[in-house]
Amino acid sequence: MHARRVGDQEVIVCAGYWQALDAFIQGNYPVARALLEECLAVVMQEESHRKYLLVRCLELLGEVVSAQGEPVWAAHLWGAAETVRTSTGLAIPPGALIIYEQFTASVCIRLGEEAFQAALAEGRGMTAEQALTAQGPVTMSMPIPASLPSPPPTKPSSSPSGLTAREVEVLRLVAQGMTNEQMAKQLVISPRTVNTHLTSIFGKIGVSTRSAATRYAIDHHLI
């Protein structure tokens, strides 16, 4: 029962993260911030949650608050996320790295190299909980880097478990919390075809539930 509850929570956090990312890309920072804070509240309550979700939420929240004029807090969040990444060996996915580098560079310019590195170092010494509450002084909103890209899906060097490109695409949508009908609309296919893909995916990766499929997608860095 506990494992099922944790799996359900992971699905909720994944869906919240993707909603926050969408709001962020659209420039709706208050919504993105609220969603990420909710996700982090859940992740930090459950030790069994994947660290991957924790760092992705911390980094994206840093980008959001930097855009809202809170560069010191952003650096603290990035520093805390960096510590988790270093301890777990997790790398920033290429698509997310593009945005991350744009915003860290903007904050560095805004604060100055020395102040930025000092704030980043402070963040590295913080837990996720401490970084989340380490809100600093608010300045004017930062100019957003031009042509903010929508991060492309992270593509593995080879499809895990023999999944086809379409099946990987469907699995990513499952991890975002989409229903069969929503996936059908997104991919311009029928719900029946979606169900066929899901049956194939579940068989190849050896799972029987959406929450287990979501955990598989997280573990294999497909989101």
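**A friendly note on the helices**

1. Let's start with a pair of helices: α10 passes α11 in a left-handed crossing, a name used when the near helix is turned anticlockwise from the far one by less than a right angle. Helices here are DSSP runs of H or I with at least four residues, numbered from the N terminus. Helix α10 covers residues 191-205 and α11 residues 210-219; they pack at an angle of about 65°, with axes 11 Å apart. The axes are lines fitted to C-alpha atoms over the stretch in contact, and angles run from 0 to 180 degrees between N-to-C directions.

2. Where they touch, L198, F202 and I205 of α10 meet R210, A213 and Y216 of α11. Contact means heavy atoms within 4.5 Å.

3. Please remember that this is a predicted model, in which local features need pLDDT of at least 70, side-chain atom pairs count only at pLDDT 80 or more, and totals for chains, interfaces and linings use all residues. Residues are numbered from 1 along each chain as its sequence is written, and side-chain values use heavy atoms, leaving out hydrogens and water.

4. How confident is the predictor? The average pLDDT (confidence in each residue, from 0 to 100) is 81 for the protein, and 83% of the residues score at least 70.

5. Now look at helix α4, residues 71-88. Its buried residues (under 20% relative accessible area, 1.4 Å probe, protein chains only) include W73, L77 and R85. The buried residues of α4 pack against α2, α3, α5, α6 and α7. After α4 comes G89, with a positive phi near 75°.

Key
Helices (H or I, at least four residues) and strands (E, at least two) are DSSP runs, numbered from the N terminus. pLDDT is the predictor's confidence in each residue, from 0 to 100. The expected span of a helix is 1.5 Å times one less than its number of residues. Buried means under 20% relative accessible area, exposed over 50%, partly exposed in between (1.4 Å probe, protein chains only).
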